[in-house]
Amino acid sequence: MKVQTLSAMLPRLLIAALCAASFSARADLRVLACEPEWGQLATEIGGDLVTVKTASAPGQDAHHIQARPSLLAQVRRADLVLCNGAGLEAGWLPVLLNRGGNPDVRQAPGLFLAAERVDRLEIPTTLDRADGDVHAMGNPHVHLDPRRIVSLSQQLADRFATLDPGNADQYKQQQEAWQAVFEPKIADWEQQAASLKGLKVITHHRSWIYLLDWLGMQRVDELEPKPGLPPTPGHLAKLVSKTEQQQVKLILYRPINGDDAANWLASRTPACAVELPLSPGEEGTDTLASLYDTLIQRLVNAHQVCQGDNP
Ligand SMILES: [Zn+2]
């Protein structure tokens, strides 16, 4: 009788284990995420159990995306549409859901609107179209606060479990393992950003309000006269004296904003312009954690360099 040694059996055991793993970890849930940050969160929490498509690319303006036919086809096939909500996609998500021909994703549990599941800042007390039309439900850019991301990661794992109950335990385990790594980083980031506390900034769009709120930085104004409206010469001229009087240190913008307005103001005041990524996938970031790493490094560096230039 042929006796197999353990070492001879190992490759076969390994293959069997891998097969079992790949069988139980097959992608069961098809997720269509509106923005890269939510696609990334779905990937980090869902792992091999989800396949994730993303409607907008890193660096695009998620306020304005075309509801193109390829996106409609993805809506049709999706088990979960995972979007920012709170009005961010007001110009295109309703069209996508109405024309997508998939009633399951028009409401929960097939639809998950992240910003509508956490506290939002800047909720207007009165609604006036003259105030711009992209932040009518409060500021929607919640993903730049990692504390809100932790809450949303738990809610998303619960939603995955509702839609795919056979893998409920695994979603829970994956979320807990993710949180065990991600959550301790929040205190590290706060420590790294200690020098930014109280720092006054002007931002191009109100994209970073949750980051500023988390790190204790102060928003003084925006380059946009109203959310979603481009900077005007008259508004920028007013910002020159405001920047000096209030001792604004940094002017934040993202590549899609262009650097004209930020550089114009920086060239006329002691403040410095700093370009920042908004979503994972931009400027060398891949995970959500690396997005916060990069944002804080860039801000701390810009503040140091600016202080050196303007002591
Ligand atoms: Zn916005």
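Let me begin with Phe182, which, leaving aside residues up to four places away in sequence, touches Pro146, Ile149, Val150, Trp189, Leu288, Ala289 and Tyr292. Please keep in mind throughout that this is a predicted model. Phe182 belongs to the largest nonpolar core, a set of 57 residues in which Phe160, Phe182 and Leu250 touch the most other members. Helix 10, residues 288–309, supplies the largest share of this core, namely 10 residues.

Let me turn now to the metal. The zinc ion has as its protein donors the NE2 atoms of His63, His135, His141 and His205, which lie 2.0 to 2.2 Å from it. The angles among the four donor atoms are 100 to 130°, and the site is tetrahedral. In sequence, the donor residues follow the spacing H-x71-H-x5-H-x63-H. His63 sits in the loop between strand 2 (50–54) and helix 3 (69–77), while His135 sits in the loop between strand 4 (111–113) and helix 5 (146–163), so this pair ties together parts that are 72 residues apart in sequence. Are these two buried or exposed? His63, at 8% relative accessibility, counts as buried, and His135, at 10%, counts as buried as well.

The loop between strand 2 and helix 3 also holds Gly59, which is partly exposed, with a relative accessible area of 27%. Its C-alpha atom is separated by 7.6 Å from that of Pro277, although the two residues are 218 residues apart along the chain.

Finally, the salt bridges, of which the structure holds 11. Glu122 and Arg206 meet through their side chains at 3.2 Å, N to O; Glu122 is in the loop between strand 4 and helix 5 and Arg206 in the loop between strand 5 (200–203) and helix 7 (209–215), so the pair ties together parts that are 84 residues apart in sequence. Arg206 also forms a salt bridge with Glu222, with the closest N and O atoms 3.0 Å apart. Arg206 is partly exposed, at 23%, whereas Glu222, at 4% relative accessibility, counts as buried. Together with Arg219, the residues Glu122, Arg206 and Glu222 are linked in a network of salt bridges.

Terms used. Residues are numbered from 1 along each chain as its sequence is written. This is a predicted model: local features need pLDDT of at least 70, side-chain atom pairs count only at pLDDT 80 or more; totals for chains, interfaces and linings use all residues. Side-chain values use heavy atoms; hydrogens and water are left out. Donors are N, O and S atoms within 2.8 Å of the metal (3.2 Å for Na, K and Ca); water is not among the atoms, so sites may look incomplete. Four donors count as tetrahedral if all angles lie between 85 and 135 degrees; four count as square planar and six as octahedral if opposite donors are over 155 degrees apart and all others between 65 and 115; anything else is irregular. Helices (H or I, at least four residues) and strands (E, at least two) are DSSP runs, numbered from the N terminus. Buried means under 20% relative accessible area, exposed over 50%, partly exposed in between (1.4 Å probe, protein chains only). A nonpolar core is a set of buried Ala, Val, Leu, Ile, Met, Phe, Trp, Tyr and Cys residues joined through side-chain atoms within 4.5 Å. Contact means heavy atoms within 4.5 Å. A salt bridge is a side-chain nitrogen of Lys or Arg within 4 Å of a carboxyl oxygen of Asp or Glu.
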